[in-house]
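The following exercises guide a reader through one structure, step by step.

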Amino acid sequence: QVQLAESGGGLVQAGGSLRVSCTASGRTVSSYAMGWFRQAPGKEREFVSAISLRTSTTYYADSVKGRFTISRDYTKNTVYLQMNSLKPEDTAVYYCAATKNNALLTTVSNFSSWGQGTQVTVSS
């Protein structure tokens, strides 16, 4: 089992940038495909981005493509989500997640380990 801890959330104005981090313990991030999901009040948790095992193929939701970038730092055992050109619609709690199943990386149910989440608020 891998333990995940997010950090880096905060308040930013529309058009600004923010980077959230997910640090793993117990296992290295290289052993898992990693995903970022977000959940706004009253809404279901939705896919944001993911990075696969081995080939490190990246995936993005249409709503964030071109603005967000997922990356993995093996030395720091950390996965990042760089968020640029932020919009008020991006406001949510952001969660990182891990899975050893390299398929269906846009699906919540595929991920077995989750962090506690970090709040990102974008003001207009």
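## Exercise 1: A sheet and its strands

Strand β8 (residues 78–83) pairs with β3 in the antiparallel sense over six bridges. Strands are DSSP runs (E, at least two residues), numbered from the N terminus, and two strands pair if DSSP finds at least two bridges between them. The model is predicted: local features need pLDDT of at least 70, side-chain atom pairs count only at pLDDT 80 or more, and totals for chains, interfaces and linings use all residues. Residues are numbered from 1 along each chain as its sequence is written, and side-chain values use heavy atoms, with hydrogens and water left out.

**Task.** State which order the strands of the open sheet have, and which strands stand at its edges.

**Solution.** 
Step 1. The open sheet has four strands in the order β1-β3-β8-β7, with antiparallel pairing.
Step 2. β1 (3–7) and β7 (68–73) each have a single partner strand, so one side of each is left without a neighbour in the sheet.
Step 3. On average, neighbouring strands of this sheet are turned by 15° against each other, direction ignored; the axes are lines fitted to C-alpha atoms.

## Exercise 2: Leucine 18

**Task.** Determine where leucine 18 lies, and whether leucine 18 is buried or exposed.

**Solution.** 
Step 1. Leucine 18 belongs to strand β3 (residues 18–25).
Step 2. The bridge partner of leucine 18 in β8 is methionine 83.
Step 3. Leucine 18 has a relative accessible area of 16% and is buried (buried means under 20% relative accessible area, exposed over 50%, partly exposed in between, with a 1.4 Å probe and protein chains only).
Step 4. Not counting residues up to four places away in sequence, leucine 18 touches residues including Gly8, Leu81, Met83 and Val120 (contact means heavy atoms within 4.5 Å).
Step 5. Leucine 18 and valine 120 are 102 residues apart in sequence, and their C-alpha atoms are 8.6 Å apart in space.

## Exercise 3: Threonine 118

**Task.** Identify the backbone atom that lies 3.1 Å from a polar atom of the side chain of threonine 118.

**Solution.** 
Step 1. Threonine 118 is placed in strand β11 (residues 118–123).
Step 2. With 10% relative accessibility, threonine 118 counts as buried.
Step 3. Leaving aside neighbours within four places in sequence, threonine 118 is in contact with Glu6, Ser7, Gly8, Gly9, Val20, Ala92, Val93 and Tyr94.

## Exercise 4: Aromatic rings

**Task.** State how many aromatic pairs the whole structure holds, and which residues ring pairs link into a cluster.

**Solution.** 
Step 1. There are four aromatic pairs in the whole structure (rings of Phe, Tyr and Trp, the last by its six-membered ring, pair if their centres lie within 6.5 Å; planes under 30 degrees apart count as stacked, over 60 as edge-to-face and the rest as tilted).
Step 2. One of them is the edge-to-face pair of phenylalanine 37 and phenylalanine 111, at 5.1 Å centre to centre and 75° between the planes.
Step 3. Phenylalanine 37 lies in strand β4 (residues 33–39) and phenylalanine 111 in the loop between β9 (92–99) and β10 (113–114), so the pair ties together parts that are 74 residues apart in sequence.
Step 4. Both phenylalanine 37 and phenylalanine 111 are buried.
Step 5. Phenylalanine 37 and tryptophan 114 form a tilted pair, at 5.2 Å centre to centre and 55° between the planes.
Step 6. Tryptophan 114, at 26% relative accessibility, counts as partly exposed.
Step 7. The cluster linked by ring pairs consists of Phe37, Phe47, Phe111 and Trp114.

How values were computed
Polar contact = N/O pair within 3.5 Å; in protein donor to acceptor, adjacent residues only side chain to side chain. Axes fitted to C-alpha atoms, helices over the stretch in contact; angles between N-to-C directions.
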